[in-house]
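The following paragraphs lead a new reader through a protein structure, step by step. Please keep the sequence and the model in view while reading.

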Amino acid sequence: MMRLWRHNWPDDIWTTPEKGDPRYAGRALAALQAWPVADTAPDEIELLLATLQHFLHDFDTAATNLERWVKRQPRNAQAWLTLATVRRVQGRFEASNRACDGIRAARADFYARACRAENDSLRGDSDGARADIDSMLAAPGMPTESRNWVLTTLAESEARAVRADKAETAYRQAVAEQPDAYTATSYADILLERKRPREALAQLKGQQRTDAVLLRLAIADTQAGAPQAKADAQEMGGRIVAASLRPEARTTHARELTRCGSRRRLPRPWSWPVRTSSSSVRRWTCSCSPRRLQPARTPPRCAR
């Protein structure tokens, strides 16, 4: 087992990807300030910093740190996997594929195949991606977290190929394996697009009220005519307004802000003026194309 999250680190460091809440990322970064210069930090600390930078959508900095890291530690599959994820959300698929090859060279073939399959899907080869993913799922003994990751990848691929029924089947299987926040919000998006808000609410039930989850709750409540729709919208609007007052936090809410702006039937708070910088818009465009509107997806922990 490759352990990248030691039990003696402050809780916020490993809670960030688990909970999907940028507030934990800020606390985790504060805990790592003993090493303000990444290239002077211990190797494990540098990888943690890069993972948090990825989570907060500081993709350029994360990629720079990860590229330096894998040159020093070319056998570390987790670093390659995180780098492949960052390059993917930047739309740099050739660079992401090279990182996938690095995973294979680090003898983590399963993750390398899944990495390539996701890139193939995003580049339009959904049939090839499905065939590769199906063969991986047929192998016995896959850990629950890994099955969830691969099934969610399959569901997203089917959704991009406009095969909504197959996407739903894969989402249901992924949720059955592990009902994490990323899968729940991704599945909720499909259900909301198909005008099934009550089913979306059922998927979101029990999830921590992160920005991504709260936004879907507000949309689903509004579609369903639920009495709490206004309260959820007010809470989400307040979070965005508060975040816009902190320059370093604006980019972490850019996706939610853009999605809010596209939902004209949401309650009144969505019309509140929120200041965003041009860099926020550029960074949102970079991180969301060609992906669906989603929180940054943290790669799974590699295990051998």
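In which kind of crossing, left-handed or right-handed, does α11 pass α13? The model examined here is a predicted one, and in it α11 passes α13 in a left-handed crossing. Helix α11 covers residues 181-193 and helix α13 covers residues 211-224; their axes come within 10 Å and cross at roughly 25 degrees. Angles under 35 degrees count as roughly parallel, and α11 and α13 are therefore described as roughly parallel to each other. On the side of α11, the contact involves T185, A188, D189 and L192, which meet A212, V213, R216, I219, A220 and Q223 of α13. By class, the residues of this contact comprise 6 nonpolar, 2 polar and 2 charged.

With this pair in mind, the chain as a whole may be considered. The protein chain contains 16 helices and 0 strands. Of its 304 residues, 53% are buried. Among the contacts that link residues at least 6 apart in sequence, 62% join residues at least 24 apart.

A second pair of helices is formed by α9 (residues 144-160) and α10, which pack at an angle of about 165 degrees with their axes 8 Å apart. Since angles over 145 degrees count as roughly antiparallel, α9 is roughly antiparallel to α10. The crossing in which α9 passes α10 is left-handed. From α9, the contact draws on T144, R147, N148, L151, T152, L154, A155, E156, E158 and A159, and from α10 on K166, A167, A170, Y171, Q173, A174 and E177. These residues divide into 8 nonpolar, 4 polar and 5 charged.

One residue of this contact deserves a separate look. A167 is placed in helix α10, which spans residues 164-177. Its relative accessible area is 0%, and A167 is therefore buried. Apart from neighbours within four places in sequence, A167 is in contact with A155, E158 and A159. The C-alpha atom of A167 is separated by 8.8 Å from that of T152, a residue 15 residues apart from A167 along the chain.

The residues F93, S96, N97, C100, D101, I103 and R104 of α6 meet D109, Y111, A112, R113, C115, R116, N119 and L122 of α7. The classes represented in this contact are 7 nonpolar, 3 polar and 5 charged residues.

Between these two helices, α6 (93-105) and α7 (109-122), runs a loop that holds R107. Most residues other than glycine have a negative phi. The phi of R107, however, is near 70 degrees, a positive value in a residue other than glycine. R107 has a relative accessibility of 65% and therefore counts as exposed. With a relative accessibility of 61%, K195 counts as exposed.

The interior of the protein remains to be described. In soluble globular proteins, nonpolar side chains tend to be buried together. In this model, the largest nonpolar core has 58 residues, of which L83, I103, I133 and L137 touch the most other members. The helix that gives the most to this core is α5 (residues 77-89), with 8 residues. I103, which also takes part in the contact of α6 with α7, touches A77, W80, L81, A108, Y111, A112 and C115 when residues up to four places away in sequence are not counted.

Another core, of 6 residues, lies apart from the largest one, and its members include L32, I45, L49 and L52. L32 is found in the loop between α2 (22-31) and α3 (43-55). Its relative accessibility is 1%, and L32 therefore counts as buried. The C-alpha atoms of L32 and L49 are separated by 7.6 Å, although these residues are 17 residues apart along the chain.

Technical notes: Residues numbered from 1 in each chain as written. Predicted model: local features only at pLDDT ≥ 70, side-chain atom pairs only at ≥ 80, totals over all residues. Heavy atoms only, no water. Core = buried A, V, L, I, M, F, W, Y, C linked by side-chain atoms within 4.5 Å. Buried < 20%, exposed > 50% of the residue type's maximum accessible area, 1.4 Å probe, protein only. Helix = DSSP H or I, 4+ residues; strand = E, 2+ residues; numbered from the N terminus. Contact = heavy atoms within 4.5 Å. Axes fitted to C-alpha atoms, helices over the stretch in contact; angles between N-to-C directions. Parallel < 35°, antiparallel > 145°, perpendicular 65-115°, else oblique. Left-handed = near helix turned anticlockwise from the far one by under 90°. Nonpolar A, V, L, I, M, F, W, Y, C, P; charged D, E, K, R; others polar.
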